[in-house]
Amino acid sequence: MSYALLMRICILGATGLVGRESLDLVGRAWPGAALALYASRDQSTTHAGREHPVLAAAHLEDAGAPRGDLALVALDDEHSKRYVPRLLELGYRVVDKSSTYRGDAKVPLVAAGVNDDLVTADVRLVANPNCTTIPLTLALAPLQRRFGLEAVTVATYQAISGAGVATLDQFLAESQRGYAESDRFGLRFEPNRYAANTVPHNGGTDASGFSSEERKLTFESRKILRLPALAISVQCCRVPVAVGHYENVWLTLGKRAAPDEIAAVLADPREAPHVRWVACVHDRDRTLVGRLRVDDRDASGRSICLTVVGDNLRLGAATNAVRIATRWFPSSDHELLA
């Protein structure tokens, strides 16, 4: 009998965008596992032609709440703080996708393919990084290992789905209405809404003017790459696209390398796992890297420019969480192994 048939997997936030993607991936990684689905209220959801019951997350606090093996948590910070400790009490190993535990020195922050060696048998809680951090560190880590890494500048262009299902649905409805009008100048759109606009990322800003999203990418990249003093600067914005985050990256290597050498590293799955060195493709579970150029501002030849693209719902959230969990529970799908 397959070990997966004995597993009980909890998806908390099962009706959200990332939760629904997690359902797909769990079916690939651990077919036959028993599912325990939770959301904000009692309801049901249909997936792959089957209807599944979904319980209100508050039921986890019942005295008779069932124990389990693996929990994938896709909630906001407030609710993660409430339910993750309870899941640990119930015996689950937990991968949490919120910001709650990312800064906790006792909790590994893991991008699978970069530092998943931290997910050992005695670890029971792992933090899933931000949806821009995962593709960026997957692209940087192999270059860091081969050539060293001194400085990074990133400009992100982030899809609307990163703001959640309600915001995405509103964006799609407003786009449909606005683009139905014959107006070349976009005057039918509201300037303070996502539809047809590119806007600064709406995370709260600190005293320096940087947003929380920009600070996340800075802090998390340093922690995952194990480079606490890495010189990194970030600028984030949202663009009127449903799914898919795009990052322009300027970086300075520790030593000079020819573009062909850099491309060879990024194209080698042994050196750059979960990376695809190509442009204009559809691959939801890999970081896509391309447009490699020498930065002519640096006479030393150590600075380059490239682009990094990732599906924010899959690679940037659900896929990474499942790959983390395969360090505990082997996956039936080789593509989902860490």
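Tyr157 is partly exposed, with a relative accessible area of 29%, where buried denotes under 20% relative accessible area, exposed over 50% and partly exposed the range in between, computed with a 1.4 Å probe on protein chains only. Tyr246 falls into this class as well, being partly exposed at 30% relative accessibility. The model is a predicted one, in which local features need pLDDT of at least 70 and side-chain atom pairs count only at pLDDT 80 or more, whereas totals for chains, interfaces and linings use all residues. Residues are numbered from 1 along each chain as its sequence is written, and side-chain values use heavy atoms, with hydrogens and water left out.

Aromatic pairs were assigned to rings of Phe, Tyr and Trp (the six-membered ring of the latter) whose centres lie within 6.5 Å, with planes under 30 degrees apart counted as stacked, over 60 as edge-to-face and the rest as tilted. The count under this rule is 2 aromatic pairs. One of them joins Tyr157 and Tyr246 in an edge-to-face arrangement, with 6.1 Å from centre to centre and 65 degrees between the planes. This pair links distant parts of the chain, since Tyr157 belongs to strand 8 (residues 149-158) and Tyr246 to strand 11 (residues 245-253), 89 residues apart; helices (H or I, at least four residues) and strands (E, at least two) are DSSP runs numbered from the N terminus.

The sheet that holds these strands is open and comprises 7 strands in the order 9-10-8-11-14-13-12, with mixed pairing; two strands are taken to pair if DSSP finds at least two bridges between them. Its edges are strand 9 (199-200) and strand 12 (275-277), each of which pairs on one side only. Helix 3 (residues 133-147) packs on the sheet and touches strand 8, strand 11, strand 12, strand 13 and strand 14, its direction making about 20 degrees with that of strand 11, where contact means heavy atoms within 4.5 Å. Strand 8 and strand 11 pair in the antiparallel sense over 8 bridges, and within this pairing Tyr157 stands opposite Tyr246. Strand 8 also pairs with strand 10 (residues 231-238), here in the parallel sense and over 8 bridges, with Gln158 opposite Arg238 of strand 10. Strand 11 is in turn joined to strand 14 (residues 303-310) by 8 bridges, the two running antiparallel, and His245 stands opposite Gly310 in strand 14.

Thr287, in strand 13 (residues 287-294), is buried at 0% relative accessibility. Its contacts, leaving aside residues up to four places away in sequence, include Ile134, Pro135, Leu138, His274, Val308 and Leu315. Gln235, in strand 10, is by contrast exposed, with a relative accessible area of 53%. With residues up to four places away in sequence again excluded, Gln235 touches Val154, Ala155, Thr156 and Glu214. The C-alpha atoms of Gln235 and Pro191 are 21 Å apart in space, at a separation of 44 residues in sequence.

Packed helices are described by the angle and the distance between their axes. The axes of helix 3 and helix 7 (residues 314-325) come within 8 Å and cross at roughly 85 degrees, the axes being lines fitted to C-alpha atoms, for helices over the stretch in contact, and the angles running from 0 to 180 degrees between N-to-C directions. Helix 3 is therefore roughly perpendicular to helix 7, on a scale in which angles under 35 degrees count as roughly parallel, over 145 as roughly antiparallel, 65 to 115 as roughly perpendicular and the rest as oblique. Ile134, Pro135 and Leu138 of helix 3 make this contact with Leu315, Gly316, Ala317 and Asn320 of helix 7.

With a disulfide defined as a pair of cysteine sulfur atoms within 2.5 Å, the count is 0 disulfides. The sulfur of Cys236, a buried residue at 5% relative accessibility, lies 7.9 Å from the closest cysteine sulfur, that of Cys237, and is too far for a bond. Cys305 is likewise buried, with a relative accessible area of 9%, and its sulfur is 17 Å from the closest cysteine sulfur, in Cys237, again too far for a bond.

Most residues other than glycine have a negative phi.
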